[in-house]
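Open your viewer and get ready to pick residues by chain and number.

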Amino acid sequence: MQECIDRYSALVWSLARRFTSTQADAEDAVQEIFTDVWRSSGRFDPTIAGESTFIAMIARRRLIDRLNRQGRRLKPVAMPDENQVGESKVDASEQGQELTEEFSAASEAFEQLSDDQQRVLRLSIQQGYTHAQIAEITGMPLGTVKTHIRRGLIRAREIIDEIRGTAGTEVAL
Amino acid sequence: MSQSPTPDRDRMLDLLADQVTEGLDAAERKQLDALLATEGEADLEALERTAAELSLALGEPPSQQADAMPAEVRERLSKAGREWAAGASSGAPGASSGGDGVLARIGGATGLAWFSAAAAIAIALLGWLMLFTVITQPEERFPAYADIETRPDAVRVAWSPGPDPLGEGVTGEVLWSDSAQAGWMVFRDLPPLDPNQNDYQLWIFDPTRDEHPVDGGVFNVRPDETGEVRVPIRAKLPVRSPTLFAITVEQPGGVVVSKQDRVPLVAPVEG
């Protein structure tokens with residue numbers, strides 16, 4: 001239990017801060033997330049995803065649920081910082097090296113997406129903006145933003161699976 | 001991922017992408033369920049996994065990670081974990097793995113004993129979560145003005161009128177603590193805005209972050225609020241070294257990117 005917290009607290013805290021507006025909200029969120037991790041650990045399958053991915057999936061799910069419960073009233077970031085996000089890589093702290101290895105395929109896949117797909121996915125996934133906010137920031141129509149997100153996610157999944165040699169093992173999207 | 005596109009299938013995939021990036025409302029969820037029934041199975045978890053992997057691959061660079069989990073939060077989490085593990089083991093005699101089993105499972109061990117006790121654990125969890133929810137409402141736990149005021153790193157800056165005449169005659173101050181990552185705005189004689197037309201929004205300028213100010217929250221003043229008004233500061237990102245607090249007038253609900261056309265009040269931090 002404690003090792004799980006020690007190992008993944010930085011990761012979960014980093015994600016929580018992107019989706020919450022106050023430290024108090026982030027604290028509540030991380031407790032919810034870790035509880036869900038402990039409760040869901042029986043579903044972990046190392047042949048499908050690494051530990052960090054498993055925990056990040058749960059964290060994102062809980063954080064998005066919280067935003068929806070709060071009526072999406074929280075705006076996660078004041079201003080987009082699109083210059084830094086393209087260069088950013090994984091955390092170099094406790095599990096940085098492991099993450100680097102686990103997500104090199106994701107980084108490579110991301111680099112192969114179109115510029116527009118990268119841009120909207122950065123704003124959505126990295127910074128936590130809603131699709132409507134991304135439309136406002138980029139000037140793209142909302143439908144275009146959604147299309148880029150959808151196609152970008154699907155394309156990234158395909159590339160990641162090709163890189164890992166697991167293409168065709170997924171249920172079709 | 002290569003089935004023929006149709007309007008319904010495109011819509012289904014849009015909704016799936018929405019679900020993993022910002023969630024669905026009840027109507028959207030109902031629509032997705034209907035489309036899944038007619039369009040066939042789709043692997044939601046594959047998209048969730050993709051979003052998670054990209055999220056980590058695009059994580060904040062070390063220079064932006066000054067917000068490591070605070071020690072007190074970590075301690076509370078550890079305590080909750082110990083309570084969780086104790087509740088799990090006492091409520092489920094067969095689950096000999098208890099909390100350690102959870103970690104063992106994450107680490108790749110079988111952990112099936114833990115899974116077999118899931119029902120008993122869930123009951124304990126539900127009670128714990130209900131208790132926790134009552135105790136930890138964010139609004140209730142927002143640091144009091146006096147708590148922030150007594151912190152060694154608390155800064156207090158008086159409001160000055162900005163270019164917009166709306167700030168003329170307004171007095172008050174900003175109280176902020178980097179260690180608390182929280183603060184309060186105090187206003188006297190701040191004019192209420194028609195909430196159908198405008199809200200106030202706070203921006204915090206922190207050059208150690210980047211060139212863009214941090215959103216400090218959207219607020220308004222009720223017409224019946226006379227005298228002193230106190231508004232909590234809810235920074236959307238960690239603030240390390242604020243140099244300026246500025247109030248803008250924005251559309252109802254605030255904006256993501258302020259044009260800063262109307263700036264009634266500013267509070268520059270000296271030093």
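Begin with the aromatic rings: over all chains, the structure holds five aromatic pairs, where rings of Phe, Tyr and Trp (its six-membered ring) pair if their centres lie within 6.5 Å. A word on ground rules: this is a predicted model, in which local features need pLDDT of at least 70, side-chain atom pairs count only at pLDDT 80 or more, and totals for chains, interfaces and linings use all residues. Residues are numbered from 1 along each chain as its sequence is written, chains are lettered from A and ligands numbered from 1 in the order in which they are written, and side-chain values use heavy atoms, with hydrogens and water left out.

**Stop 1: rings in chain B**

Select Phe187(B) and Phe219(B). Their ring centres are 5.5 Å apart and their planes are at 20°, so this pair is stacked (planes under 30 degrees apart count as stacked, over 60 as edge-to-face and the rest as tilted). Phe187(B) sits in strand 4 (residues 182–188) of chain B and Phe219(B) in strand 6 (residues 214–219) of chain B, so the pair ties together parts that are 32 residues apart in sequence. Helices (H or I, at least four residues) and strands (E, at least two) are DSSP runs, numbered from the N terminus.

Are Phe187(B) and Phe219(B) buried or exposed? Both are buried, that is, under 20% relative accessible area, with exposed over 50% and partly exposed in between (1.4 Å probe, protein chains only).

**Stop 2: chain A as a whole**

Colour chain A by secondary structure: it has nine helices and zero strands. Of its 173 residues, 65% count as buried.

**Stop 3: helix 9 and its partners**

Show helix 8 (residues 131–138) and helix 9 (residues 142–164) of chain A. They pack at about 110° with axes 9 Å apart; axes are lines fitted to C-alpha atoms, for helices over the stretch in contact, and angles run from 0 to 180 degrees between N-to-C directions. Helix 8 of chain A and helix 9 of chain A are therefore roughly perpendicular (65 to 115 degrees; under 35 counts as roughly parallel, over 145 as roughly antiparallel and the rest as oblique). Among the residues making the contact are Ile134(A) of helix 8 and Ile149(A) of helix 9, contact meaning heavy atoms within 4.5 Å.

Next, bring in helix 7 (residues 115–126) of chain A, which packs against helix 9 of chain A at about 95°, with axes 9 Å apart. Here the residues that meet include Val120(A) and Leu121(A) in helix 7 and Val145(A) and Gly152(A) in helix 9.

**Stop 4: across to chain B**

Select helix 6 (residues 104–112) of chain A, where the buried residues include Ala105(A) and Phe110(A). What covers the buried residues of helix 6 of chain A includes helix 7 and helix 9 of chain A together with helix 3 (44–57) of chain B. The axes of helix 6 of chain A and helix 3 of chain B come within 8 Å and cross at roughly 90°. Finish by showing the side chains of this contact: Ala106(A), Ser107(A) and Phe110(A) from helix 6 of chain A, with Glu53(B), Leu54(B) and Ala57(B) from helix 3 of chain B.
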